Amino acid sequence: MKTILFLECNISGTGVRAIKLAKEHGYHTVLLTKEPNYYAQLADNPTLYVNEIIELNTDSIAAILSHALEYNPQGIVAFDDYRLVNAAAVSHALGLPSPNLIALTMCRYKHLTRQYLHQQNANCRYNVCNIHDKFDLNNMPYPVVIKPCDDSGSSQVTVCYSEKEARAAVHALTEFRVNQRGYLLSPQYLVEEFIEGDEYSAEAYWDRQCDEWKILGITKKYTTSGQYAVEIGHDFPDESLDIDDVTKTIIEWLTQVGLSHTVAHVEFKLNHGEIKLIEINPRVAGGMIDTLCYQSTGFDLIECYLALHVKGMTYVPTLTLNKQYASIRFLTSEKQGTILDFHANSHLDLPLLFNFVPTPVHVNTLKDSYSRLGYVITTAPTQHLAAEKAENWLKNITMSYQ
């Protein structure tokens, strides 16, 4: 029986879609998880789609390997950031496809990325600090960004405009040792200068036939202002940048860290004409960006990722002849409390896709992607029109509070 082991699942929906794709291709799907009850709160619950659920410590390579040996799988796949390296390590042990372990680790730990690419014009000023050491920003000017070295989803990423705010952010890191996914965070954290400018991401994939990186396109990102820069929207493709310049820079970064044979979501800012790295994510983008890419081009980044990580699987894309532009806007709440229900204006034309988190749901301050409440996706012949349609639809959603 052809089997794919899925090592946990992410909250953005890419993991669930991968499970569905694997089953369509005739694979037996197994979810290895240490927190099966966690997924019940998600809009897309992976436990509803897999053939089997195995509860084990997914932070332990030995535990994963011991179960993998029982299945003789064709692939071990992680869409969850915190288990990418573990999935690759077990795949490597079993002779299954996987990216280079050192390269994955370089990308997973953001301070290593900064250190390794220091000479590649990718950097802002930064310091690597430890929560157990004395607070010292080494005379870095404000504003600064304080972030964990190995968390995801903008969790605990704080823009600080004063020493008081910076000390509070570091104190929050000392209190937040285990994240929302049960992952024990590193005591190290990054202090970076705040980079002004618009934020983008490059959606890259490894072309096995050509044995090289390709850039599918550029995503324009929209974030909240203030202390917590949470992503609240994306447009794909964005064609305002010099694509040749961006492609050259992104591929240089990926090559320098030694990453290959996977998909990458590379976040960057354009600062006074210079492309400045935010981070390299060695997996499919979250935030439903993969759906925007597929609707626009016909290229399925999730199926591509699966094919790169599963022995014997191939992916030949069928590209869209009539190009479209796609946008997503995320539903958030400025009010704290318990939401009982969401209501969409019934007179509106239905968008391509929309989804809300299960209710009732308690809402706190918007600090990270875990705080988002749903999304709407639209398509149109132009980028501006797709964005306008998504924003208008979102404005017509009301929330009922307790």
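Visitor: At 35% relative accessibility, what does E391 count as?
Guide: E391 counts as partly exposed, at 35% relative accessibility, a class lying between buried (under 20% relative accessible area) and exposed (over 50%), with a 1.4 Å probe and protein chains only. This is a predicted model, where local features need pLDDT of at least 70 and side-chain atom pairs 80 or more, while totals for chains, interfaces and linings use all residues. Residues are numbered from 1 along each chain, and side-chain values use heavy atoms, without hydrogens and water.

Visitor: Which residue forms a salt bridge with E391?
Guide: R329 does, with the closest N and O atoms 3.1 Å apart; a salt bridge puts a Lys or Arg side-chain nitrogen within 4 Å of an Asp or Glu carboxyl oxygen. Because R329 sits in strand β14 and E391 in helix α10 (residues 383-395), the pair ties together parts that are 62 residues apart in sequence. Helices (H or I, at least four residues) and strands (E, at least two) are DSSP runs numbered from the N terminus.

Visitor: And R329, buried or exposed?
Guide: R329 counts as buried, with a relative accessibility of 5%.

Visitor: Which residues do salt bridges with shared partners join into one network?
Guide: That network consists of K34, D59, D80 and R83. Within it, the side chains of D59 and K34 meet at 2.4 Å, N to O, and this pair links distant parts of the chain, 25 residues apart. D59, at 33% relative accessibility, is partly exposed, and K34 is also partly exposed, at 26%.

Visitor: What about E239 and K323?
Guide: Their side chains meet in a salt bridge of 2.1 Å, N to O, across 84 residues of sequence, with E239 in the loop between β11 (231-236) and α7 (243-256) and K323 in the loop between α9 and β14 (325-331).

Visitor: How many salt bridges overall?
Guide: The count comes to 15.
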